[in-house]
Amino acid sequence: MTAAVDRARELPRPAPGWLARVDMGKLLAHLSLLLLVALWTFPTAGLLISSLRDKDQLAVSGWWTALTTSVTQGVTRVGTAEMQIEEGGRFVIRGNLFGTDTNKAIESFGLSNAAPAAAAAGQSLPMADGGAITVAADGGFEWVSDAAFTHTRGPRVFYVANIAPRFTVDNYIEVLTAAGVGRSFINSFTVTIPATIIPILMAAFAAYALAWMRFPFRGPIVALVVGLLVVPLQMSLIPLLSLYNGIANAFGAEDGKTYLGIWLAHTAFGLPLAIYLLRNYMAGLPKEIMESARIDGASHFKIFTGMVLPLSFPALASFSIFQFLWVWNDLLVAMVFLGAQESKLVLTGKLVSLLGSRGNNWEILTAGAFITIVVPLIVFFSLQRYFVRGLLSGSVK
Amino acid sequence: MHKYLLAGVSVIAIALASGANAQDFKFPKGEGAFSWDALQTFADSHKGLEGQKLTIWGPWREGGDQEQFLTVLAYFTDATGIAVEYGSSENYEQQAQIDAAAGSPANVTILPQPGLLADMASKGYLVPLGDEARQFVLDNHAAGESFVSLGTYNDKNGNATFYAVPYKSDLKSLVWYSPDNFADAGYEVPQTFEDLQALTEKMVADGNTPWCIGLGSGGATGWPATDWVEDIMLRTQSPEDYDAWVSNDLKFNDPKIVEALELFGWFAKDDKKVAGGAAAVGTTDFRESPLGLFSVPPACFMHHQASFIPSFFPEGTVLGEDADFFYFPAFAGKDLGKPVLGAGTLATITKDSGAARAFIDFLGNPISNEIWMAQSGFLSTLKSANVETYGNDTLKGEGQILLQATTFRFDGSDLMPGAVGAGSFWTGMVDFVGGKSAREVADQIQASWDAIK
Amino acid sequence: MSDIVQQVVGAVFAIAIALGGAVAYFWGSNWLLDKVLGTGTRMSGREITRRDNLRSRIRPWLFLLPALLFLSVYLIYPVIETFRLSLFDKTGRTFIGFSNYFWALGDGNFQRSIVNNIVWLIVVPSFATAFGLVIAVLADRLWWGNIAKSLVFMPMAISFVGASVIWKFVYDYRAEGAEQIGLLNAVVTGLGLPPQAWITIPFWNSILLMVILIWIQTGFAMVILSAALRGIPEETLEAARIDGANDFQIFFGIMIPQIRGTIVVVWTTITIVVLKVFDIIFAMTNGQWDTEVLANLMFKWMFVNFDYGRGSTIAVIIMLAVLPIMIWNIRRANAEEGTR
C-alpha cells in the first residue's frame, strides 16, 4: 500500500490493464470523503438555492424542486368593467394572469375552486358576468362579451400552470442595497479585526509560558483556563456593562458603549480558547529544539519570538479563523456593548433588523446568510495556506 | 472612496441630523384630516428644549414598523428641536433589561409586555409619570380605566405607581377569511359563537377544512394558542374572572379555564377541523398558516389572528377583496356583551429628562397617532385621534371594533409573569395540541406558577 | 461621514497600539528584567545563581500578566458575581442561602435538562471529533482535499440565524398529502412512508438537534486536527512507510498517538461548547417537546423570567459540570511536566 504516498501528480496514468492497478484504498478514500462532503454540503446547498429563488416560493415548495419544472395551482383576479375596451361592437377585457411573470405556462384553467382545471389552455369558458374568457398558454387572457361589462369586482380565474426553473438575484440586491448595509460592513470590520489580533498576541505569550516555562501554579492556571471556557457569556453581560458604565460616568461620558469596550470584551471572551489551543500546540513542539536553543544561551524571549512563534503558525492561523468567525457572527455582545443605534450596527445586527419586527422575510435571511459567510470564507482561504506541512521538519534538519 | 462611504451612511442618521427639514415629512403639514392644530399647541407648550438629545428603545425594527415610527418622530423633532436616536434589536426585551440593570437605559423605553414592565418597576428601573399623566390616560383613552391599570405597577417598595402610557394597539379578536371562497361555497359570516361552531361543523360536513392554526414561532412556539384561549375566556367567563385568572387569583386549573381550553381543543384537536390535522398545529409556523386561506384549492376557510397578520398574506393580496375579517363572535346564549382582546405597546421613562417628559406628552397628542394610523398597522385608543386618518377601510373597521367594545382586555399571557405567560402557558398549549388533556396541561401550568411565588 | 473616517482611523490606531503596546510591553518588560537582574562577570557565583533563579521565577509572570488580568476582570469577576447572585432571590437583594439550588434539584425541567445534557455530552463531542479527524486525514491525501475541507468548514462560518433557517428547511413538516418542503420528510415520503413532525418526537428530536451541532462543530475539529496532522514531521511518516506500514497502521499507530494531545483538546473544547449550547435549542424548539438543556434553561430564567437568582444558579451548575474536565487537564499538564 505504498501508493498511499502518491500525490495527485504522481497518480498512475491510465494504461492498458489500468483497472487492475486502481488502488482500492485510494478509491475508498475518494468515495468516503465524497460521501461526507456531500452530507455536509447538502443543507448549505439548500440555503444557497433558496436564496436564489422567488420569495413567494420559499415557503411553498422544497428547494430541490427549484431545479425542475413544477406544477402549481394559482388564482388571479381579472379586470373589472373599468378596464373594458370596445372593439368592433364587442366589449373586451385583456390582460395576463401572470402579470409580468414569464416562466409559467398555463396547462388548464377554470372559474371556481371546485373546478380549477375546467378547460385546457386556448379554450374558452363562459363567465358569470357575461361573455366568455379565453386563456392562452402564456397566461394572456381575452374576455369578450357582446354587452358592455358592468361588474365592479374582478372575477377570479383559477389555473394549473407549469413553472420553469428560474433563479433570481433579487434577494441579494435587496439586502445589499438596503440603507446602512455598507456602514454595517465597516462597523463589523472595525469590531472584528482588532478583536482578532489582540487576543492572539496575549494568548501566544501566555501559552508559551504555560507550555515551556517552569513556575508554581502552572497546572492550576491551565485548569483555570479550561474552566473559564465554560463561563456562559450571558452571565457576564450585566456585571461588565455596569463596570463600563461606571467608568464612563467617571469620565463624564453618557454610557460605556464604545469600540474600545467591545474589543476588550471580545479579547477576554476569546482568550481562554486561544490560550488552551495554543498551549497545546506549543507543548507539542519537539523539546530538542528548545533545549538546544537554551544550551546556545538563548533567552525565553528570544526562543519565543525567534522559533516558537514562526513554528506555531498553523495554530495561530486556525485560532484566528475561529476568533474572526466568532466575532464576525456575534450579535449578542455587539448589541449589548456597542448598542443598536443605526450608526453602530454591525452586519449581523443589520440583517436581523432587516428581517422585520416579526422575523419573517426568509428570503432576506437566506441571502443575508450568504453575504455574511463570504468574508469568513475569504479569511479561511487566505489563512489555510499557512497550514503547511514541513515547517517543523525544515527546522529540525 | 468618499462617495462610497457616503453611500453607507444610514438614511436615518441623515434624517435625524437634519431634524427640522420640512421635506422629511411623510404628510405635509396643514394637509389632510390630521390634527395639525394640536401639533402647533404642543410645539408652543414645549419650548426651550432645542438641541437636547433623546434616546428611545422600542420593539419596532426595520422592515417592520420602524419606518413608520421614524416618520412620527420627525414631527416630534420638528416641534421641539429635540434630536431623537431610536434603537431596537432582535432581543429588545432582554436588552432593555440588561441596559436598565447595568445603568445605561434609553430615556424612553417602549415595550409590548406589561408583565415585563411590572418586573422592571419592582426593580426600580422606571420613573413614575405622575398624576397628571395618569389622569390624562383615564380621560382621553377609550377604556381609559383599563389602560391606567395596565400602566400601574408596584415600585421597589410595593406602592402602586403609574409608569406607562399606551401607544399603538393591536386587535386580537379577529377571524380572517376569503370572501370569495365563502361566497363560492355558500357560507355566511357568523354573528354568534354558536353560528361559528355550526359553520365549522357544516364545513366539515361539506368535506372542507374550516381552520388554519399554526403555533410555530421558533423560541416562542405556542403563543398563537394563548390568544385563542384568552378570546374564549372572555366569551365564556366574566371580565372579572378573566382578571382573576391573569393574576392567578383564579387558579389555572380551575374548571372555568379547563373548560376554555377544551373549547379551544374542540377547534384545534380535531383532524377534520384543522388544515394538516392536529399534528400539524404545533409545528406549522404562525407566519405560514394564513397562507392556507389563499391556496388553490383552499387548505382552510378561516384563520384566527391579530390585526397584524395581513403583512404575512401573499404579495398582492387586496384587503377587503381577497381577504377580510370578521369579529370573533360572542355567545348569544351568554350575557357577556362584545368583549375584545387586544394588545399593544406601552411607553415608559427609564432615564428622566425634560425631553423624555415632552415625548410622553407627545404620545398623548393626536398627531403622534394619526401619522402612523394613516400608514398601516396602527390602531389608536386615543379619543382625540381622528378616525378619518386611518389609511384604509380595514384599519378603520378594526378601529371601530376597538371603540365599540363593551369589554376590552389586554392579552393575558403578556400580563402573566414571564415564566408562565412566555413559558409554561406556551409550552402547555403545545403539549395540549400534542395530545395531553386540558386538565393535565392546566395542572402543569398552575404548578409552574406556584413555583415562582 | 467624518465619523466613519474617525472610526476607521480609530480602529487602525487601535491595532497599531495593540501591536505596538504588546511588543513594547513584552520586549520592554523582558529587557527591564534582564537589565535589573542581569548578571555580569564581576558578580560572585552565588549572586549569579540567585539572579538567574529570580529571573526565571519572574519571567513567566511577565508573559502571563496581560492574559491573567483580562481573564480576572472579564471572566473571574462575573463568575464570582454569578455565584453571589445564585444565593439571592429574583430581585438580587434578599439573601436566601442555597434555596435556589434546592429548587433546581426538585424542578422537573431542570432534571430533564440534566438527562438531555448528558446525552448531548456523550454524542456530540465524539461524533464531531471523529468526523473531523476522518475528514482531516482523508482530505490530506487527496488532491481535492482543500475544496473538501472548505465545504465542511462552511457550516462553521454561517451565522446562527442562517443555520436555523437551513435546518428549518430540513426538518419541516407538512401534513400527509401536502407537498413537503422539508428535505427529511421529502425523502421519507419518497420512500412511501408517512411524514413525521420530527422536532416534536421526544428523544429523536434531541438527536436531530445534536446533528445540527455536529454539523457545525466538525469544521472546528477538522481545522484544528488538520493543523496538528500537518505538524507531524514528514520523516516520521516516511520512515513508517519504508518499514512497510499500511494506511491503517499509520493512522492508528502513528498519527493518532502523535496528535493525541490535540484530539483531547478538540474533544474538551466541543464538550464545553455542548455545555453552553443554547442557540440551537432556543431557535428550533425552545426546550419544548422534552428537548430542554441547561444553557437554554439558564437563559430562560435569566432573560425571560428575569430571575437572576435562579438563572445564576443554573449557570453555577453548568460551571461545576466542567470540574472533572478541569481536574483531568491538571493531571495531564502535570504528566507533561514529568516528561519535560
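Modeller: The contact between chain A and chain C takes 100 residues from chain A and 100 residues from chain C; two residues are in contact if their C-beta atoms, placed from the backbone, lie within 7 Å. This is a predicted model, in which local features need pLDDT of at least 70 and side-chain atom pairs count only at pLDDT 80 or more, while totals for chains, interfaces and linings use all residues. Residues are numbered from 1 along each chain as its sequence is written, and chains are lettered from A and ligands numbered from 1 in the order in which they are written.

On the side of chain A that touches chain C, helix 2 (residues 24–51) gives the most, with 14 residues. Helices (H or I, at least four residues) and strands (E, at least two) are DSSP runs, numbered from the N terminus. By class, this side of chain A has 69 nonpolar, 28 polar and three charged residues. Here Ala, Val, Leu, Ile, Met, Phe, Trp, Tyr, Cys and Pro count as nonpolar, Asp, Glu, Lys and Arg as charged, and the others, Gly among them, as polar.

The largest nonpolar core has 328 residues, of which A203(A), A206(A), Y208(A), I275(A) and L278(A) touch the most other members. Such a core is a set of buried Ala, Val, Leu, Ile, Met, Phe, Trp, Tyr and Cys residues joined through C-beta atoms within 7 Å. A residue is buried if 20 or more other C-beta atoms lie within 10 Å of its own, exposed if 12 or fewer, and partly exposed in between, with C-beta atoms placed from the backbone. Helix 5 (residues 181–212) of chain A gives the most to this core, with 18 residues. Apart from this core lies another, of 16 residues, including V135(A), V157(A), F158(A) and Y159(A).

Each partner may now be taken in turn. Chain A has 15 helices and nine strands, and 46% of its 397 residues are buried. In helix 13 (residues 347–354) of chain A, eight of the eight residues are buried, among them K350(A).

Chain C has 15 helices and zero strands. The radius of gyration of chain C, taken over C-alpha atoms, is 26 Å, well over the 20 Å that the globule rule gives for 340 residues, so chain C is more spread out than a compact globule. That rule is 2.2 Å times the number of residues to the power 0.38. The C-alpha trace of chain C spans about 95 × 70 × 55 Å along its principal axes.

The domain assignment of chain C gives domain 1 (2–85) and domain 2 (103–158 + 199–339); such bounds come from an automatic or database assignment. The centres of domain 1 and domain 2 of chain C, taken over C-alpha atoms, are separated by 32 Å. Four residues of domain 1 of chain C are in contact with six residues of domain 2 of chain C.

In helix 7 (residues 183–190) of chain C, L183(C), N185(C) and A186(C) are buried. These residues cover an arc of only 165° around the axis, which puts them on the same side of helix 7 of chain C; the arc is that of the directions from the helix axis to the C-beta atoms. Just after helix 7 of chain C, G192(C) takes a positive phi of about 90°.
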